[in-house]
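Here are my notes on this one, written for someone opening it for the first time. Have a look at the model, then go through the points in order.

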There are 2 protein chains.
Amino acid sequence: MQDLRQAALEIAQTALAAVDPAECVRRALREIDLGKPARIFVVGAGKASALMAQALEEALGDRIGAGWINTKHGHCMELRRIVCHETGHPVPDAAGVHGARRIAQQAREASENDLVICLISGGASALMPLPVDGITLEDKRAATDLLLASGAPIEELNCVRKHLSAIKGGRLARLAAPARVISLILSDVVGDDIGVIGSGPTVPDATTFAEARDILRRRHIWDRVPAAVRQVLSSREEELPVLQNVQNVIVGSNRLALDAARNCAQSLGFQTLLLSSAIEGEAREVARVHAAILKEVRETGNPIAPPACILSGGETTVTLRGSGKGGRNQEFCLAAARAIEGLEHVLVLSFGTDGTDGPTDAAGAFADGTTVKRAGAKGFDVTRSLDENDAYPLFRTLGDLLITGPTGTNVMDICLLLADH
Amino acid sequence: MQDLRQAALEIAQTALAAVDPAECVRRALREIDLGKPARIFVVGAGKASALMAQALEEALGDRIGAGWINTKHGHCMELRRIVCHETGHPVPDAAGVHGARRIAQQAREASENDLVICLISGGASALMPLPVDGITLEDKRAATDLLLASGAPIEELNCVRKHLSAIKGGRLARLAAPARVISLILSDVVGDDIGVIGSGPTVPDATTFAEARDILRRRHIWDRVPAAVRQVLSSREEELPVLQNVQNVIVGSNRLALDAARNCAQSLGFQTLLLSSAIEGEAREVARVHAAILKEVRETGNPIAPPACILSGGETTVTLRGSGKGGRNQEFCLAAARAIEGLEHVLVLSFGTDGTDGPTDAAGAFADGTTVKRAGAKGFDVTRSLDENDAYPLFRTLGDLLITGPTGTNVMDICLLLADH
């Protein structure tokens, strides 16, 4: 167990290092030809945008003419040429709108021989809100709330929201045209859809105003959204030809972290299997499937034989039933612990790459075949803790939390299943 | 798609053939040395016991002295030397007790130089009920119901039930001693625990009367179970030394079916990966994990590259939300269909090996990247059908049900994920 835990820690650290925002930017700059632009502007938003901007300043120095990024309160860093501006998250605020306006202005300023580097990471959508002329942040939020209440799926929400934004769905790139735009994107969404990450400010939106209107009508909320929203959606037309000035590059993602983790596991002598970087679903149920695979590894050497490291990534969800303390990764590990009770020479580690699992100070937790028994000896009933969504006190008491502190990055979660002989 | 479906059908048929009860018995007889017993008695119970008995009669002919098996109503077959007796399932009945008594008598009759072959398959526990002297079937059921209502897990239920049975938990083998006992077991439980399949009539039970009493006391129902139950649990002592006369052989299981399916898939040119034969969990959530893996296959060639066949087995559950018609495999496929919408060159097949998925005439269903769209064209909303647990009408309309009819076997469910270039 102790050896497996050491191995898991090393693999996890390697994964995190591979998606460190600064490292992602440095790696991208080695691979992308920036050309010889007259001026370089830097814009963008996201929880990792300050770290990305810092790496960009280190690499490009005085070649950067000016820049403006929005990031979350408490996330700013000292930058030399780029303005770091703190804005509201997850609820957009006036500071966000102010910053987004400056970003739009920066993009507009760029001309044909200039380069605009756009830095996008998780949270960009809320951190960089810019309603189109004629509607307010409140109008936009009212429309969004009505859509949510009507049961609209995320695709419909995005379609409507993008058509109420002056910056999303490729509109930021259009403002920058004819300047060249390179967007460096740290993906925090399952499937790495660049149109979804930060609502795709540099990614042409394939949906139309007519579709946005249809959605509101079909959901019977057309008459209930603010008049200004109806006005905007009715009076405008598509202005988004194919954006030929744009290069969108995913510089960090869950898959990239998993690849690095796999390489590390191989170097430690494990056979490896990368299950998927697109895992979704209820944490405790997803955990049972993972546990079933781990059992099979031990019992029959399928899908791979020990020493084995099976990797997966994505983001699970937790349906709250109780009032305990925990996070989706800790809940995953608790459910896994119950399913692998008594199984020897195995270890499960699940953690959020941002270092924060739910409202706790832990990134995730470790579970093994002894977790249930050890928890019992400390007075914990794993089933009851699971019923109460109360994984944190249990794992804290066992010393089985993974605590990394905030990592500055976010490419969702990673799960490692280790099995030895 | 059509090719993948043909392949899936062939793989599924191969899997089913490998766990056909008669084939399982024939295969076991080729591998087990029966010795030269003076007489051979055949006993047992289960939904597949008649088919197993028939194969045994074909192989052993007049070497069988006598026999008695209990099976479900409608499942009897014409046998020459073995009595085929129909009893209640899933609720045990008086016919079951009558048959179990005859089975116990048969076992008792066997002496040192005789061989007792015991045939166990799914349903055996309910089909062969024999309360110990002093308590009735009703007493036993009352105790079971109280335990269930108290939230007792299956391990505690089994412990109490085995101590109220004259036949379970190894007690049938003890009746047969000193005769040799060979138990041929068709496993219908996750993990293939022979003590759990049919409540293990030939498998020594490690739990004790003291534990059974403790369970009832801890659950605060000791004073509420029938007095006869208290009497039995208080007055008896363990009488189960290690059963040296017994050989328990799993002749068919989900894992065995998966192995056969994998061999078939390989012969068809697929790369294969056996995920696990112990899959459990909420069907729709388990499906999302499988879908995520299938997506990864198509996008990055992980965990294996196309042409790929990923296999898993086990038994999921469905938490009923709506009032529609379906089964766990159909619900699995519906959830998978939603998650793989638009994905090309893939196919999902999930089916119950008994040929019956929920209260439907289908064994399971096929899903692919076009399911959602094709269903929409026929007026079905996949999300609504899922909310209503109403997969059957949708798949029936699409012609995407797998209909095998009752197969006579049951080794839980099998899921195939196919991906081509």
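**How the two chains relate**

1. Chain B can be laid on chain A by a turn of 180° and a shift of 0.0 Å along the axis, with an RMSD of 0.0 Å (the copies are superposed by least squares on the C-alpha atoms of residues with pLDDT of at least 70 in both). That is the relation of a two-fold axis. As for the interface, 100% of the interface residues of chain B are also interface residues in chain A, so the copies meet through the same surface; contact here means heavy atoms within 4.5 Å.

2. Some housekeeping before the details. This is a predicted model, where local features need pLDDT of at least 70 and side-chain atom pairs count only at pLDDT 80 or more, while totals for chains, interfaces and linings use all residues. Residues are numbered from 1 along each chain as its sequence is written, chains are lettered from A and ligands numbered from 1 in the order in which they are written, and side-chain values use heavy atoms, with hydrogens and water left out.

**The sheet in chain B**

3. Chain B has an open sheet of 6 strands with mixed pairing, in the order β7-β8-β12-β9-β10-β11. Helices (H or I, at least four residues) and strands (E, at least two) are DSSP runs, numbered from the N terminus, and two strands pair if DSSP finds at least two bridges between them. The edge strands of chain B are β7 (271–282) and β11 (401–402), each pairing on one side only.

4. Look inside that sheet at β9 (residues 346–352) and β12 (residues 413–419) of chain B, which pair in the antiparallel sense over 7 bridges. Leu349(B) sits opposite Leu416(B) of β12(B).

5. Which helices lie across these strands of chain B? Helix α12 (residues 283–300) of chain B lies across β7, β8 (308–317), β9 and β12, running at about 160° to β7(B). Helix α13 (residues 328–339) of chain B lies across β8, β9, β10 (364–367), β11 and β12, at about 160° to β9(B). Axes are lines fitted to C-alpha atoms, for helices over the stretch in contact, and angles run from 0 to 180 degrees between N-to-C directions.

**Helix pairs in chain A**

6. In chain A, the axes of α6 (residues 137–149) and α7 (residues 154–163) come within 10 Å and cross at roughly 160°. These two helices, α6(A) and α7(A), are therefore roughly antiparallel to each other (angles under 35 degrees count as roughly parallel, over 145 as roughly antiparallel, 65 to 115 as roughly perpendicular and the rest as oblique). Lys140(A), Thr144(A), Leu147(A) and Leu148(A) of α6(A) make the contact with Glu156(A), Leu157(A), Val160(A) and Arg161(A) of α7(A).

7. Now compare α13 (residues 328–339) and α16 (residues 391–398) of chain A, which pack at an angle of about 75° with their axes 9 Å apart. So α13(A) and α16(A) are roughly perpendicular to each other. Gln330(A), Glu331(A), Cys333(A) and Leu334(A) in α13(A) meet Ala391(A), Tyr392(A), Leu394(A) and Phe395(A) in α16(A).

**Backbone spots to check**

8. A cis peptide bond joins Pro306(A) and Pro307(A), with omega about -5°; Pro307(A) is in the loop between α12 (283–300) and β8 (308–317) of chain A. Another cis peptide bond joins Ala177(B) and Pro178(B), with omega about 5°.
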